[in-house]
Amino acid sequence: MFDSDIERALRAAVVAHADQTRKGSDLPYATHPAHVALMLARSGASKSAIQAGLLHDVVEDCDDWTADRVSSEFGEEVAAIVAELTEDKEMTWEERKLSAASKAKTISLEGALVKAADQLHNLSTLLEALRAAEDPALVWEGFKGGRDETVRMARLLVEALSGRCDSRITGASAAALDEIQALSS
C-alpha cells in the first residue's frame, strides 16, 4: 500500500531528473527509476531498496545531489545502497562498466537487486528500441561502447548478478541480451 517514504523518493527522483530524457528518446528520464522501483516492489524488495531504486542515479547524474544529501533526506541505509551503485564519472565508459560488473559480485544483496532491476529496465528499453527501428545500427549510434562492447559489458554484469538476486530479473536480463544480440547481428 501507500508508503510516504517511497512517495518522497519518487518525488525527489522526478524533480531531480526533470530536465533529463532517456537516451535516444524524448521520454522523461524519471520513467527509468520509476520502472526500477516497480520491478523491485514486484520482487518483494525492502522499502529501502525501492527508495534506492528511485534514487540510484541522482548522485551521478544530478548536480545538486550528493551522497550526503541522500543520507540526510533518506537515511543511511538508502544512501549506502545508492553509493554502491553510483559510478565514478571520472573513469572511462569501459572502466565504469568493468567496475560495475566487478562490484556486483560483492555489493550488498539489496544493492545487487537494485542493480539487476536497473540493468533489466535498460536492456528492456534497448530491446524495444531495436525492435521498433527500421535500421538497428542507428539505435547503436547513441551508445559509447557501440553494439559489441555494450552487449559484452551488459553480459558481464548480468553474469555477475546471476545467483545473487531474484532469478526472474537476471533471467529476463539474460533473455533480453540474447534477443538484442540476435536483432543486432
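**Entry 1: Valine 15**

I started at valine 15, which is found in helix H1. Helices here (H or I, at least four residues) are DSSP runs, numbered from the N terminus. The model is predicted: local features need pLDDT of at least 70, side-chain atom pairs count only at pLDDT 80 or more, and totals for chains, interfaces and linings use all residues. Residues are numbered from 1 along each chain as its sequence is written, and side-chain values use heavy atoms, with hydrogens and water left out.

Is valine 15 buried or exposed? I found valine 15 exposed, at a relative accessible area of 63%. My scale is this: buried means under 20% relative accessible area, exposed over 50%, and partly exposed in between (1.4 Å probe, protein chains only). I then looked up the spacing from valine 15 to alanine 30. They sit 15 residues apart in sequence and 8.4 Å apart in space, C-alpha to C-alpha.

**Entry 2: The nonpolar cores**

Next I looked up the largest nonpolar core. A nonpolar core is a set of buried Ala, Val, Leu, Ile, Met, Phe, Trp, Tyr and Cys residues joined through side-chain atoms within 4.5 Å. The largest one has 36 residues, and Leu40, Leu55 and Trp65 touch the most other members. Several helices each supply at least two residues of this core, including H1 (4–16), H2 (31–42), H3 (47–55) and H8 (109–132). Which helix gives the largest share? I found that H8 does, with six residues.

I then took leucine 55 by itself. Contact means heavy atoms within 4.5 Å. Leaving aside neighbours within four places in sequence, leucine 55 is in contact with Ala9, Ala12, Ala13, Phe74, Val78 and Val82. There is also a second, separate core of twelve residues, and I noted Leu123, Val151, Ala154 and Ala176 among them.

**Entry 3: Helix H10**

I turned to H10, which has 16 residues. From its first C-alpha to its last, H10 reaches 22 Å, close to the 22 Å expected at 1.5 Å a residue. The expected span is 1.5 Å times one less than the number of residues.

Which residues of H10 are buried? I listed Thr150, Val151, Met153, Ala154, Leu157, Val158, Ala160 and Leu161. An α-helix has 3.6 residues a turn, so residues three or four places apart point the same way. What covers the buried residues of H10 includes helix H7 (93–103), H8, helix H9 (136–140) and helix H11 (167–184). After H10 comes glycine 163, whose phi is positive, near 85°.

I checked alanine 101, whose place is in helix H7. Alanine 101 counts as buried because its relative accessibility is 7%. Leaving aside neighbours within four places in sequence, alanine 101 is in contact with Leu156, Leu157 and Ala160. Alanine 101 and arginine 155 are 54 residues apart in sequence, yet 9.0 Å apart in space, C-alpha to C-alpha.

**Entry 4: Histidine 121**

Histidine 121 has its place in helix H8. I noted 6% relative accessibility, so histidine 121 counts as buried. Leaving aside neighbours within four places in sequence, histidine 121 is in contact with Arg22, Thr31, His32, His35, Val36 and Met39.

**Entry 5: The largest pocket**

I looked up the largest pocket. On a 1 Å grid over the protein atoms alone, a pocket is an open set of points where a 1.4 Å probe fits, with protein on both sides within 12 Å along at least five of seven lines; lining residues have an atom within 4 Å of a point. Its volume is about 1300 Å³. Grid points are joined across faces, edges and corners, and the volume is the space filled by probe spheres set on the points.

How many residues line the largest pocket? I noted 46, of which Arg22, Lys23, Asn122, Thr125 and Phe143 lie nearest its centre. H8 gives the most to this lining, with ten residues. Other helices are on the list of those supplying at least two residues each, including H2, helix H4 (58–61) and H7.

I searched for disulfides (a pair of cysteine sulfur atoms within 2.5 Å) and the structure holds zero. Cysteine 62 is buried, at a relative accessible area of 5%. Cysteine 165 is buried too, at 14%.

Last, I looked up glutamate 141, which lies in the loop between H9 and H10. Glutamate 141 is exposed, with a relative accessible area of 62%. The C-alpha atoms of glutamate 141 and glycine 24 are 117 residues apart along the chain and separated by 9.1 Å.
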